Amino acid sequence: MFRILLADDEGIMLESLKHIITTSFGSECDIRYVKTGRAVVEMAESFHPDIAFVDIHMPGLSGIQAIQEIRKVNKEMIIIIITAYDKFAYAKEAVNLGVMEYLTKPISNKKVILDVCMKAMQRVEEARQKRSDDLKIRERLEIVVPMIESGFIYSMLQDDGGADSSGYEELLGIRDNYGFCLVLEFGDRDESGRLTNAIGFSVKANKYYQDMREIVKDYFSCITGPVMGNRVVLFVPSSEPVLKYEERVEVITRTRTMLQKLEEHIGSDFRSGIGSTKPLGNAKESYGEALRALRESISHVVHITDIPSRQEDMTGEYPKELENSYYERGMKADSEGAAACGEELFSRMQGMYGCREDMEAKVLELIMQLEYRICTKDGTEFGLKPPGQLYPGDKGGFRQRQIVPLVPGKDAGNMQMRRD
């Protein structure tokens, strides 16, 4: 069925067109007709014609003006202009509006009208077929993409850590070099705040898995793993090696909102652990951190940086890459980036150093090493700065005005990093 709109202020012309089309195509066409430009626009909105024959000169809005209004919301409708004037006077504007054909009055040749109708119908059929093919492809992707994403997650979590995930990265369009993991855990919350009944909720989660995927992807551009027990692993690609403080808070807030939506839709309690950002090749470490965050806290949403570091976990694992990132950002005068790296370094150091004095020495070492690199790059002399540029902070800490250091705060029992 083709929906056809005829627009002309001459009743004879309308009846002629309707008769020719109805005689030739019969029940294949649903035909409506109007006599003003305004009615053309209104009928286009309510009738949604596939094909429209529009006269240039009608009362009120002209045919060109009516087509301009229609094109604001409908780019697909096939339009044939009818005019009693030289078509070249409207050629430029009509081309811009995507008009398919011109018919010049009087139209004495029936074959001309039929040829134009058949050409327009063929275009409509081609557009319908393309939409149908696109829908079939999307339906297939809805089946295939979750399988590819699950394969990526399984590859990431392999024990040997040697799996090549480059094929998955290409298929999934991952362009970033870093990312972090979220682990969603669901079940019945007991008195201690832990989630139980993993088997029962695993069955329920599989039933609602597609709904879970859609909700999750409303909040994060992420790779979604399969249901594993009462958990689902998400991997969120990132272009930066370290999330800034504000970005980390935003991730936590977004996760809380997402869990609330999941709980309302699925009827289960949810928790989430979030790991820190890692290179793609070390994404499994972020997964381990997310699990640890879940294990060592009963909070609704917990980030690994909110879990106190343990010295035995950090021994021999000094984050050299993070330190280098701090230097790189400092040398580029990226104060916010350097601050984010410094905060992460400070958090890691709390688990590696046994006393405040050791941490202060390491902070000062970082500051002086950054200054040395800047001086080397600029060709300036490195040495102790005069008073006012590098000076003692409160209670033994240090601050420096020019190197954007991050240093211990005033409370020796609960040291925090402060950007000068």
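Trainee: Let's start with Lys72. Buried or exposed?
Mentor: Lys72 counts as exposed, at 59% relative accessibility. Bear in mind that this is a predicted model.

Trainee: And what does the Lys72 side chain meet in a salt bridge?
Mentor: Glu69, with 3.1 Å from N to O. Glu69 itself is partly exposed, its relative accessible area being 35%.

Trainee: How many salt bridges does the structure hold?
Mentor: There are 21. One of them joins the side chains of Lys111 and Asp115 at 2.8 Å, N to O. Both residues sit in helix α5, four residues apart, which is about one turn of the helix. Lys111 is exposed at 53%, and Asp115 is partly exposed at 37%.

Trainee: What about Lys130 and Asp134?
Mentor: Their side chains form a salt bridge too, at 3.2 Å from N to O. Those two are also in helix α5, four residues apart, so about one helical turn separates them. Lys130 comes out as exposed, with 52% relative accessibility, while Asp134 is partly exposed at 33%. There's a network as well: Asp8, Glu10, Asp55 and Lys105 are joined by salt bridges that share partners.

Trainee: Switching to the inside. Which residues have the most contacts within the largest nonpolar core?
Mentor: Ile4, Leu6, Ile21, Cys29, Ile51, Phe53 and Ile80, in a core of 26 residues. At least two core residues come from each of β1 (2–7), α1 (11–25), β2 (29–34), β3 (51–55), β4 (78–83) and α5 (110–157).

Trainee: Which of those gives the largest share?
Mentor: Helix α5, with seven residues.

Trainee: Take Ile4, then. What is Ile4 in contact with, leaving aside neighbours within four places in sequence?
Mentor: Ile21, Cys29, Asp30, Ile31, Arg32, Phe47, Ile51, Phe53 and Met121. Besides that core there's a second, separate one of 24 residues, including Ile215, Val236, Leu259 and Ile274.

Trainee: Aromatics next. How many pairs?
Mentor: The count is three. In one, the rings of Phe152 and Phe235 have centres 5.6 Å apart and planes at 50°, so that pair is tilted.

Trainee: Where do Phe152 and Phe235 lie?
Mentor: Phe152 is in helix α5 and Phe235 is in strand β9 (residues 231–238), so the pair ties together parts 83 residues apart in sequence. Phe152 is buried at 3% relative accessibility, and Phe235 is buried at 0%.

Trainee: And the rings of Tyr326 and Tyr327: how are they arranged?
Mentor: Their centres are 5.9 Å apart and their planes are at 55°, so that pair is tilted. Tyr326 and Tyr327 are both buried.

Trainee: Phe235 makes me think of Cys181. What does Cys181 touch, not counting residues up to four places away in sequence?
Mentor: Phe235 is among them, along with Met156, Leu234, Gly273, Ile274, Gly275, Ala283, Ser286, Tyr287 and Ala290. Cys181 is in strand β6 (residues 178–189) and is buried, with 0% relative accessible area. Lys284 is 103 residues from Cys181 in sequence, with 8.3 Å between their C-alphas.

Trainee: Back outside. Which residues form the nonpolar patch on the surface with about 310 Å² together?
Mentor: Ile143, Val144 and Met147. Val144 belongs to helix α5 and is partly exposed, at 36%.

Trainee: Last one: the chain as a whole. How many helices and strands?
Mentor: The chain has 14 helices and 16 strands. Of its 420 residues, 45% are buried. The accessible surface is about 22,300 Å², and carbon and sulfur atoms hold 50% of that.

Terms used: Residues numbered from 1 in each chain as written. Predicted model: local features only at pLDDT ≥ 70, side-chain atom pairs only at ≥ 80, totals over all residues. Heavy atoms only, no water. Core = buried A, V, L, I, M, F, W, Y, C linked by side-chain atoms within 4.5 Å. Buried < 20%, exposed > 50% of the residue type's maximum accessible area, 1.4 Å probe, protein only. Contact = heavy atoms within 4.5 Å. Phe/Tyr/Trp six-rings, centres within 6.5 Å; stacked < 30°, edge-to-face > 60°. Patch = residues over 30% accessible without salt bridge, like charges linked within 9 Å, V, L, I, M, F, W, Y side chains within 5 Å. Areas by Shrake-Rupley, 256 points an atom, 1.4 Å probe, with all protein chains shown as cover. Salt bridge = Lys/Arg side-chain N within 4 Å of Asp/Glu carboxyl O.
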